[in-house]
Amino acid sequence: MTAALDLAGLWKTFGSKTAVQDLSLMVPPGVLFGLVGPNGAGKTTTLSMATGLLRPDQGEVRVLGIDVWHDPPAAKALMGVMPDGMRLFDRLSGRELLRYVGLLRSMDPGEVERRSGELFDALGLTEDADTVVTDYSAGMTKKVSLACALLHGPSILVLDEPFESVDPVSGEMVREILRGYVAAGGTVILSSHVMELVEQLCDGVGVVAGGRVLAVGPTAEVCRGIPLQQRFLQLVGGPTSGERRGLEWLRFSSGSN
């Protein structure tokens, strides 16, 4: 079976800093896969290289068997991408933004209009479809970014921190959309700092730190019978429960002033 995403021997340096070093990772099709790691672990750099936004110094990236850097148009046609923090054309309304994305994808205008309406409804944005994106809250901006990624019906979704700034109600909407997308045969690859969310939502998980993969596989296998949060701390060397790191001046006794 052809992997949905196959990363082989990726390297990326920025000056004297090595952000990703000899990273290899394979994601099978039809799963919801979570990529987790501490700040500066190389997650965003890895996803940027996987989606054709950043050229690796070494290594290969294949999307459903297509080399992203040898045939970028064919590979990118298969992907819906939501980078974290990327600026949108925020002087457009939400509806105009999706229309523009549809034009970039050479989609039929009538089909764009139909799909846009369905996406706005599913994401709770219908009342704000004609509001300019610059007036959207952070959570609304996340949701319209997801709509842009979904519009052309991609085979693979690559989402960098899709739940950041999203309220619980909207978060559940997004979860249901992603679950339905995977049930219909799509593949989702997402990064997140929220271990509980990844453990509950994702079929598989990869733990990255220092630009390397520390563990990868089905979520239950990576967890090894303990919560993902604890397993993550074991792998990356984080502080264990009860371990003190100073700040005694914040620990007040009952009689202190």
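What volume does the largest cavity have? I am working from a predicted model, in which local features need pLDDT of at least 70 and side-chain atom pairs count only at pLDDT 80 or more, while totals for chains, interfaces and linings use all residues. Residues are numbered from 1 along each chain as its sequence is written, and side-chain values use heavy atoms, with hydrogens and water left out.

**Cavities.** I searched the whole structure and found three cavities of 30 Å³ or more, and I noted a volume of about 60 Å³ for the largest cavity. I took a cavity to be a set of points, on a 1 Å grid over the protein atoms alone, where a 1.4 Å probe fits but cannot get out, with lining residues having an atom within 4 Å of a point. Grid points are joined across faces, edges and corners, and the volume is the space filled by probe spheres set on the points.

I then listed the lining of the largest cavity, which consists of T44, L47, S48, T51, L53, V81, M82, P83, V158, L159 and D160. At least two lining residues come from each of α1 (43-50), β6 (79-82) and β7 (156-160); helices (H or I, at least four residues) and strands (E, at least two) are DSSP runs, numbered from the N terminus. By class I recorded seven nonpolar, three polar and one charged residues in this lining, where Ala, Val, Leu, Ile, Met, Phe, Trp, Tyr, Cys and Pro count as nonpolar, Asp, Glu, Lys and Arg as charged, and the others, Gly among them, as polar.

**Aromatic rings.** I looked for rings of Phe, Tyr and Trp (its six-membered ring) with centres within 6.5 Å, calling planes under 30 degrees apart stacked, over 60 edge-to-face and the rest tilted, and the count came to one aromatic pair. F89 and Y100 form this edge-to-face pair, at 5.0 Å centre to centre and with 75° between the planes. F89 lies in the loop between β6 and α3 (94-104) and Y100 in helix α3, so the pair ties together parts that are eleven residues apart in sequence.

**Single residues.** I found G30 in the loop between β2 (17-27) and β3 (32-36). The C-alpha atoms of G30 and T187 are separated by 4.7 Å, although these residues are 157 residues apart along the chain. Leaving aside neighbours within four places in sequence, G30 is in contact (heavy atoms within 4.5 Å) with V182, G185, G186 and T187.

How values were computed:
On a 1 Å grid over the protein atoms alone, a cavity is a set of points where a 1.4 Å probe fits but cannot get out, and a pocket is an open set with protein on both sides within 12 Å along at least five of seven lines; lining residues have an atom within 4 Å of a point.
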